[in-house]
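Subject: Structure handover

Hello,

I am passing this structure on to you. Please open it alongside this message and read the two together.

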Amino acid sequence: SHAPPVTAIIKHHLGPKLIGEECMAIEKIWDMTTRMTSLYGASGVASYAVSAIDLAMWDLKGKILDRPVYELLGGPIRDDIFTYATGGDTDWHMELGFKATKLPCQYGPSDGLAGLNENIRLVDKTRKMIGADIDLMLDCWMAFDVEYAVRLGEALRPYNVKWLEDMLTPEDFDAFEQVRKRLPWQTLAAGEHWYTTYPFQYAASHRLVDIFQPDIQWVGGLTAIVKICAIAEA
């Protein structure tokens, strides 16, 4: 993702400083790269670069030890895992047997009341299609402000939406806190656009959301994911 600037950060800054480091010292390398990018901001494309290096290090460790990475992390912890489908092809998702589906939210505050009503109609139509026994979620892709998020959340309450996802500007933690207070009954998910472990620590300690969704290729790699899992568990 965003290859030209990410490649430049690795090639001209991080990479040369890592030459000669012990390749199995993944924690140290992650710490070095995260700290080195702090001078121009460890989030955004810098975090993409840290992620790329970290994932390469884990891949290399697995190759050296000839073991799959999940075993290096402690081995399997369950026999199967619940999955859901994302997108507008809900009828196809049901045909494939998914027990949960997530819709992309198509309208935001700039679309006014008409757009708000279109979002409600989409959820209403989908709930009627899938019935009461399928979980339904809504991905809002950082498009809302507090007022719009609350209005939509209130309107969707009868449809038993499992979670509302990424409704707000990722850095606006005050907005997350306001939505949390005004929609206390609604499960909230976020984190795809949070970088490094620090936003997750803040969100956990302030109970801003219920579900963390870090992206392994953006947040800082597998090492960051392990730390975020520990934060969530605690």
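Below are the ground rules, then the whole chain, then selected places in it.

**Ground rules**

This is a predicted model, where local features need pLDDT of at least 70, side-chain atom pairs count only at pLDDT 80 or more, and totals for chains, interfaces and linings use all residues. Residues are numbered from 1 along each chain as its sequence is written, and side-chain values use heavy atoms, with hydrogens and water left out.

**The whole chain**

The protein chain has ten helices and six strands. Helices (H or I, at least four residues) and strands (E, at least two) are DSSP runs, numbered from the N terminus. Along the principal axes, the C-alpha atoms fill a box of roughly 60 × 40 × 35 Å.

Of the 234 residues in the protein chain, 42% are buried. Buried means under 20% relative accessible area, exposed means over 50%, and partly exposed is in between (1.4 Å probe, protein chains only). The accessible surface comes to about 12,900 Å². Carbon and sulfur atoms hold 54% of that surface. Accessible areas come from the Shrake-Rupley method with a 1.4 Å probe; for residues, only the protein chains shown count as cover.

Contact means heavy atoms within 4.5 Å. Among contacts with a separation of 6 or more, 62% join residues 24 or more positions apart.

On charge, the protein chain has 22 positive and 32 negative side chains. Lys and Arg count as positive, Asp and Glu as negative; His and the chain ends are not counted. The centres of the two sets lie 2 Å apart. Each charge is placed at NZ of Lys, CZ of Arg, CG of Asp or CD of Glu.

**Buried residues**

Start with V6, in helix α1 (residues 3-18). V6 counts as buried because its relative accessibility is 8%. Beyond its neighbours within four places in sequence, V6 is in contact with S1, V45, Y48 and A49. K61 is another matter: V6 and K61 are 55 residues apart in sequence and 23 Å apart in space, C-alpha to C-alpha.

T223 sits in helix α10 (residues 221-233). Its relative accessibility is 3%, so T223 counts as buried. Leaving out neighbours within four places in sequence, T223 is in contact with I26, E27, W30, D54 and W58.

Q186 belongs to the loop between α8 (173-182) and β5 (188-190). Q186 is buried because its relative accessible area is 4%. Residues up to four places away aside, Q186 touches V161, K162, W163, L164, R180 and D210.

**Helix α7**

Which residues are buried in α7? They are V146, Y148, A149, V150, L152 and G153. Their cover includes α6 (112-130), β3 (135-139), β4 and α8.

A salt bridge is a side-chain nitrogen of Lys or Arg within 4 Å of a carboxyl oxygen of Asp or Glu. E147 and R151 are four residues apart in helix α7, so about one helical turn separates them. An α-helix has 3.6 residues a turn, so residues three or four places apart point the same way. E147 is partly exposed at 48%, and R151 is partly exposed at 41%.

**Other salt bridges**

The count comes to eleven salt bridges. One of them joins the side chains of E21 and K28 (2.9 Å, N to O). E21 is partly exposed at 28% relative accessibility, and K28 is partly exposed at 46%. Another joins R67 and E71, with the closest N and O atoms 2.6 Å apart. R67 is partly exposed at 45%, and E71 is partly exposed at 31%.

**Two positive phi angles**

N160 has phi near 55 degrees, a positive value in a residue other than glycine. N160 lies in the loop between α7 (146-155) and β4 (164-165). Is N160 buried or exposed? N160 is exposed, with a relative accessible area of 52%.

D166 also has a positive phi, near 50 degrees, and is not glycine. D166 is in the loop between β4 and α8. At 3% relative accessibility, D166 counts as buried.

Best wishes
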